[in-house]
Amino acid sequence: MHKPVAPKSIQSKTKADLEAELENLYAHIAACGLCDIPEVDASLSQLLLDDSRSQGVIMDLALDAIVVIDETGAIIAFNKSAEKMFGYKRREVKGREIASVIIPPSFREHHYAGFNRFLTTGEARIMDKRVEVTAMRSTEEEFPVELTVTAFHVRGVRFFTAFIRDISERVAMEKRLREETALVQLLHRLTSLANEATSTEMAMKSYLREVCEYTGWTVGHVYLVNHKNSTAELVSSKFWYLAHEEKYEAFRHVTEQTTLHSGIGLPGRVLHSGKPLLIADLSSDLNFPRTKVSADLQLKTGFGLPIKIGEEVVGVLEFFTPEIKPTMKGFLDTLGHIGIELGRVVEREQNAERLRRLADLDSLTGLPNLRVGRDRLIREIVLAKRSKYQFALFFIDLDGFKNINDTYGHEVGDCVLKVVSKRIAQSLRDVDTVARVGGDEFIIIISPVESRQAIATVAQKVIETIAEPIQAVEDEAFLGASIGIALYPDDSQNADELLKLADQAMYRVKHSGKNNFTFIGDGPE
């Protein structure tokens, strides 16, 4: 580090020398137009040299800090604005090297290099320009300033005047504006993602990535609300953003094994309040079940945002960072809109699923409808052909249902159909399919089957199940079932043909006494 040589003591100069230097100095300041020189009868030099006013009457009129140094870097003038800005009295800094007073240690090497370069070569990179640099107060607090440096000569000696303006408020405001602009841009992107997302999974993964990249936070995750036994609980989703997959794998593992209830942990408290929440220091939070793993991975701050449909919380976005972050109320409130946008995606997908269910399921019984039943029959034929097994198709028509409708009305009839549908479904295996194909007609796909006897056993079980009494208003209602059976591949390998054959077999039962079953291959057409 090359410092300028130690300054010569001001007290060693004669009064005439000092008077000449000061008169030239203030003439230079006046020429810069920074302050007005009052009209006085006494000579300027006498005014500046007499009593206490000799320490900078004119410079003290300036609102900006003014610091004058000689070519050794020693401070020879320090106005009142400089005292206020830097926290020194002028007597404390007069004669001291400027770098040790107002320049932060990390910038001093650069200052010495530039100062010596100018003294030796005359090359000036910041002279007579407005530049923004970092200064230091007496408390060692660093802050941004706008600096203008000018040079002048007095009797062949160079002096430098620094005009310094504290721009902390302006810089802070500009930073806030940049952050707010970036946040608005983030919200715009997230809104676009919400509108363009084709699935909740796509939207949630995109949201996690965008928020983490915007904030610089390293972990993002989604908990989803599961209503179990009328009590809401939070279960981990598979939606994550991890800045470092391997580093945070342990946190992912623990989280995916952790179910939380309302009010428990970060997500649980967000679920309970319906509002964003920031935990500035996870290690000191007594209501954070994942404290140990977060401490092991040095995750120090977390915040959560509710995903809402209207007023209902359907999930929680949670984010974590290895840095301790202060409470950011405005930031959290703004990000709260993210949860609302994401809630709209979830609601849209729920509505789409509801429409799909309406299109696929019978609206009264909740069973698959004819279209879905036929699609499953076609799929079963493909599988059976590939794996070389046989299955049975039942076509069922309820016996006595018209009488219930005529006697008790359609409302009771609908209730009876619901009961029958539930009974049929409960009498079958999970691998079997039952569908309502219209009115009081149903089809069942029994797959795979080993023998006709096994098929007959299932058919008899269905008949007995349907035959059990059903409470209809004040009376018990009784139904029977006529079942026609067609076999793949013995009877046909075509879906529509199988349906037709099973239907024919069912009508054969109807015409021969009802409440029974028959195989299409057991008798004449």
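## Basis of the description

In this predicted model, local features need pLDDT of at least 70 and side-chain atom pairs count only at pLDDT 80 or more, whereas totals for chains, interfaces and linings use all residues. Residues are numbered from 1 along each chain as its sequence is written, and side-chain values use heavy atoms, with hydrogens and water left out.

## Packing of helix 13 and helix 17

Helix 13 (residues 370-387) and helix 17 (residues 495-511) have axes that come within 9 Å and cross at roughly 115°. Helices (H or I, at least four residues) and strands (E, at least two) are DSSP runs numbered from the N terminus. Axes are lines fitted to C-alpha atoms, for helices over the stretch in contact, and angles run from 0 to 180 degrees between N-to-C directions. Helix 13 is therefore roughly perpendicular to helix 17 (65 to 115 degrees). The crossing of the two helices is right-handed, that is, the near helix is turned clockwise from the far one by less than a right angle.

On the side of helix 13, Arg374, Leu377, Ile378 and Ile381 meet Ala495, Asp496, Leu498 and Leu499 of helix 17 (contact means heavy atoms within 4.5 Å). By class, this contact of helix 13 with helix 17 has six nonpolar, no polar and two charged residues. Ala, Val, Leu, Ile, Met, Phe, Trp, Tyr, Cys and Pro count as nonpolar, Asp, Glu, Lys and Arg as charged, and the others, Gly among them, as polar.

## The largest pocket

The largest pocket holds about 750 Å³ of space, a volume being the space filled by probe spheres set on grid points joined across faces, edges and corners. A pocket is an open set of points on a 1 Å grid over the protein atoms alone, where a 1.4 Å probe fits, with protein on both sides within 12 Å along at least five of seven lines; lining residues have an atom within 4 Å of a point.

Of the 28 lining residues, Ile103, His111, Ile126, Leu147 and Val149 lie nearest the centre of the pocket. Helix 6 gives the most to this lining, with seven residues. The lining divides into 20 nonpolar, five polar and three charged residues.

## Backbone features

A cis peptide bond, with omega near -15°, runs from Ser447 to Pro448; Pro448 lies in strand 14 (residues 441-449). The bond from Tyr488 to Pro489 is also cis, with omega near 5°, and Pro489 lies in the loop between strand 17 (480-488) and helix 17.

Notes
Angles under 35 degrees count as roughly parallel, over 145 as roughly antiparallel, 65 to 115 as roughly perpendicular and the rest as oblique.
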